[in-house]
Amino acid sequence: MSEARTPVFSVRNLWKVFGPKAERVPGSELAELPAAELRERTGCTAAVRDVSFDVEKGEVFVVMGLSGSGKSTLVRCLTRLIEPTSGTLAIDGEDVLAMDTHRLRELRRHRAAMVFQHFGLLPHRTVLDNVAYGLEIQGLGKAERRAKAAELVEKVGLAGLEDRRPSQLSGGQQQRVGLARALAVDPSVLLFDEPFSALDPLIRREMQDEVVRLHREEGRTMVFITHDLSEALRLGTRIALMRDGGIVQLGTPEEIVGSPADDYVREFVRDVPREQVLTVATAMRPPTAGESESGPALRPRATVSEAIEAVSRSGGPVARVMDDGRLLGVVDHACLLDVVAGTGEGVAAREVTV
């Protein structure tokens with residue numbers, strides 16, 4: 001059995017309370033009060049309430065919620081841009097709350113790079129020099145940092161624009177510069193705080209594609225904050241859905257859509273096209289006699305939408321769900337439509353681990 005890996009971030013019972021004598025709230029009877037009553041009785045606001053999770057190496061961990069849910073405060077707590085009120089927080093096993101000023105500076109410069117909604121580019125510097133800025137702060141020589149910056153400018157699709165100023169770029173191009181600047185310091189984790197919410201829909205989609213591509217090519221760990229459910233479902237390996245400072249459900253996109261934890265989550269995902277999120281592992285059933293030899297083969301992570309198309313195109317009754325040559329089950333029109341309609345047994349009950 002392989003040894004368990006240390007999470008990139010490990011967060012336990014984290015609180016951030018704003019207001020007078022904030023430290024009295026966590027662990028007391030005040031902690032159980034609804035947000036409005038807590039403010040009325042104490043003058044305090046619990047922006048993050050008793051939050052616990054791990055971020056595993058190589059995953060895109062999405063924190064999502066509506067405005068005021070606490071998601072942006074939470075991501076700022078991870079590098080102590082906002083100081084937590086209580087709880088424990090570690091990066092690669094090291095206690096972040098025990099870090100002195102020097103270690104915090106190292107954390108923010110080298111290990112966890114932030115990409116903000118507002119790009120924060122230096123207006124008097126070129127694209128190339130903006131990307132190289134973090135390397136300059138690290139003390140890298142001019143020729144070396146400019147060479148590395150040029151590689152990253154090309155990686156994010158801005159080749160040919162190296163000498164332009166930020167004012168000469170579109171919003172999407174500016175965000176690409178911000179992304180390249182964050183990548184330049186080669187951090188172990190990228191922290192995105194609603195980076196695309198100010199962009200036009202088409203440009204936003206392009207930037208989502210860029211994140212997907214970079215993750216596929218590099219496998220870099222990412223923590224992504226968003227209020228957009230479709231963005232969360234598209235990017236996230238796992239999603240933490242927040243409300244009033246707490247996490248109401250933590251799971252894969254398929255678990256969030258297929259097995260909502262409560263009525264709030266159920267309402268949140270009500271309009272999501274289930275067939276584009278749920279996989280055939282949710283819908284498959286054991287084969288009957290003769291079904292194991294015919295029909296198109298699908299991978300376990302194929303979506304229900306892909307399966308419906310495959311079954312329809314084949315003209316046969318079923319499609320086989322295969323993993324490394326092993327038959328896991330079959331899907332037919334009836335079980336696929338059950339999942340789309342939400343009348344199946346749900347992800348938790350039916351999904352097979354592969």
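Figure 1. Leaving aside residues up to four places away in sequence, V156 touches R176, L179, A180, L183, E210 and R213. The C-alpha atom of V156 is separated by 9.1 Å from that of Q173, a residue 17 places apart from V156 along the chain.

**Figure 2. L179 and the largest nonpolar core.** The largest nonpolar core holds 65 residues, and within this core L179, L190 and V331 touch the most other members. Helix α7 (residues 171-184) supplies the largest share of this core, with 6 residues. When residues up to four places away in sequence are not counted, the contacts of L179 are with V115, V156, L190, F192, M207, E210 and L214. Another core lies apart from the largest one and consists of 29 residues, including V55, V75, L78 and L89.

**Figure 3. T42 in helix α1.** T42 belongs to helix α1, which covers residues 35-42. With a relative accessible area of 9%, T42 falls under the 20% limit and therefore counts as buried. The side chain of T42 reaches the backbone nitrogen of C44 at a distance of 3.0 Å, and, with residues up to four places away in sequence not counted, T42 touches P20, R24 and L30.

Figure 4. One aromatic cluster is formed by F192, F196 and F224, while the count of aromatic pairs comes to 4.

Figure 5. Most residues other than glycine have a negative phi. What is the exposure of D186, as given by its relative accessible area? D186 has a relative accessible area of 48% and is partly exposed. D244, at 47% relative accessibility, also counts as partly exposed.

Figure 6. The chain contains 15 helices and 13 strands, and its C-alpha trace spans about 70 × 60 × 45 Å along the principal axes. Of the 354 residues in the chain, 49% are buried. Among contacts between residues at least 6 apart in sequence, 67% join residues at least 24 apart. The average pLDDT of the chain is 86, and 94% of the residues score at least 70. Over residues 345-354, however, the pLDDT is below 50, although this stretch has 23 contacts in the model beyond near neighbours in sequence. Where pLDDT is low, the predicted coordinates should not be read in detail.

Technical notes: Residues are numbered from 1 along each chain as its sequence is written. This is a predicted model: local features need pLDDT of at least 70, side-chain atom pairs count only at pLDDT 80 or more; totals for chains, interfaces and linings use all residues. Side-chain values use heavy atoms; hydrogens and water are left out. A nonpolar core is a set of buried Ala, Val, Leu, Ile, Met, Phe, Trp, Tyr and Cys residues joined through side-chain atoms within 4.5 Å. Buried means under 20% relative accessible area, exposed over 50%, partly exposed in between (1.4 Å probe, protein chains only). Helices (H or I, at least four residues) and strands (E, at least two) are DSSP runs, numbered from the N terminus. Contact means heavy atoms within 4.5 Å. A polar contact is a pair of N or O atoms within 3.5 Å; within protein, one must be able to donate a hydrogen and the other to accept it, and residues adjacent in sequence count only if both atoms are side-chain atoms. Rings of Phe, Tyr and Trp (its six-membered ring) pair if their centres lie within 6.5 Å; planes under 30 degrees apart count as stacked, over 60 as edge-to-face and the rest as tilted. pLDDT is the predictor's confidence in each residue, from 0 to 100.
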